[in-house]
Amino acid sequence: MRAIRDGRDEAATGAAQRRSRVRWAIASLSLSTLLSSLGAGIANVALPTLAASFRAPFHAVQWVVLAYLVATTTLVVSAGRLGDLTGRRRLLGAGILVFTGASALCGLAPALWVLVAARALQGAGAATMLALTMAFVGETVPKERIGAAMGLLGTMSAVGTALGPSLGGLLVAGPGWRAVFLVNLPLGAAAAAMPARFLPADRGGGGA
């Protein structure tokens, strides 16, 4: 009887650990989704300030937004395919680092063309994050919870899209336009630390 109880305890402990790991995996994917959607809209309200700061016409400053969107939409399919070839966890981690590093470059940009180029690089990182978070759901979440997990990621995307303009306006009115991009640094650092710990290793041992 004691052996049976011990076996049940071990099974219960293992199930609890698996549930905890799934929750943390979903949290990791949700943060990546939030970051990528937040980056899409947070800079919109800063455009008039950027035009004044760089003494540039508004049509030129609009590329701060367009460069991000163009890079994201054109690279998202390729990012998913590249993840299949090189390892999803490795590429997701690289995408988060690219996004975070590009955010720092945006916040420190000395000229408009540097800011636009950094925003394109940021969009490339966001494309990787968007493509691979969806791909990871099937690997990390039990089949009966996939619908709920996809719904949560959709909600996080909507939250980031809705929060972007409000947060951007507060940052522009407070610390200034550079904070619009630098705010991604602590979030990006947290997101970068999570995949290696909570997401499944790449097949063949890559990223283990």
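In the chain described here, residues 24 or more positions apart account for 83% of the contacts with a separation of 6 or more. The structure is a predicted model, and its secondary structure comes to 10 helices and 0 strands, so that, read along the sequence, the pattern is α-α-α-α-α-α-α-α-α-α. Of the 208 residues of the chain, 43% count as buried, while the accessible surface comes to about 10300 Å², with 66% of that area belonging to carbon and sulfur atoms.

Two residues of helix H1 were examined in turn. Helix H1 spans residues 2-41 and includes Thr 33, a residue that is buried, with a relative accessible area of 3%. The side chain of Thr 33 reaches the backbone oxygen of Leu 29 at 3.0 Å, and, when neighbours within four places in sequence are left aside, Thr 33 is in contact with Thr 133, Leu 153, Met 156 and Ser 157. Leu 31 is likewise placed in helix H1 and has a relative accessible area of 15%, which means that Leu 31 counts as buried, the cut-off being under 20%. The contacts of Leu 31, not counting residues up to four places away in sequence, are with Leu 187, Ala 190, Ala 191 and Met 194. The C-alpha atom of Leu 31 is separated by 9.8 Å from that of Gly 160, although these two residues are 129 residues apart along the chain.

Helix H9, which runs over residues 184-193, has Asn 184, Gly 188 and Ala 191 as its buried residues. Seen down the axis of H9, these buried residues fall within an arc of 65 degrees, and they therefore line one face of the helix. On the other side of H9, Pro 186 and Ala 193 are exposed. Ala 191, one of the buried residues of H9, is also among the residues touched by Leu 31, a residue of helix H1. Asn 184, placed in helix H9, is buried with a relative accessible area of 1%. When residues up to four places away in sequence are not counted, Asn 184 touches Leu 35, Leu 38, Phe 99, Ser 103 and Gln 122.

Side chains of opposite charge can pair when their charged atoms come close. A search of the whole structure finds 1 salt bridge, and Asp 84 forms a salt bridge with Arg 88, in which the closest N and O atoms are 3.0 Å apart.

A nonpolar surface patch of about 350 Å² is made by Trp 63, Leu 66, Leu 69 and Val 70. Of these residues, Val 70 lies in helix H4, which covers residues 63-86, and Val 70 is partly exposed, with a relative accessible area of 44%.

How values were computed: Residues are numbered from 1 along each chain as its sequence is written. This is a predicted model: local features need pLDDT of at least 70, side-chain atom pairs count only at pLDDT 80 or more; totals for chains, interfaces and linings use all residues. Side-chain values use heavy atoms; hydrogens and water are left out. Helices (H or I, at least four residues) and strands (E, at least two) are DSSP runs, numbered from the N terminus. Buried means under 20% relative accessible area, exposed over 50%, partly exposed in between (1.4 Å probe, protein chains only). A polar contact is a pair of N or O atoms within 3.5 Å; within protein, one must be able to donate a hydrogen and the other to accept it, and residues adjacent in sequence count only if both atoms are side-chain atoms. Contact means heavy atoms within 4.5 Å. The arc is that of the directions from the helix axis to the C-beta atoms. A salt bridge is a side-chain nitrogen of Lys or Arg within 4 Å of a carboxyl oxygen of Asp or Glu. Patches are made of residues with over 30% relative accessible area and no salt bridge: like charges are joined within 9 Å, nonpolar side chains (Val, Leu, Ile, Met, Phe, Trp, Tyr) within 5 Å. Accessible areas come from the Shrake-Rupley method with a 1.4 Å probe; for residues, only the protein chains shown count as cover.
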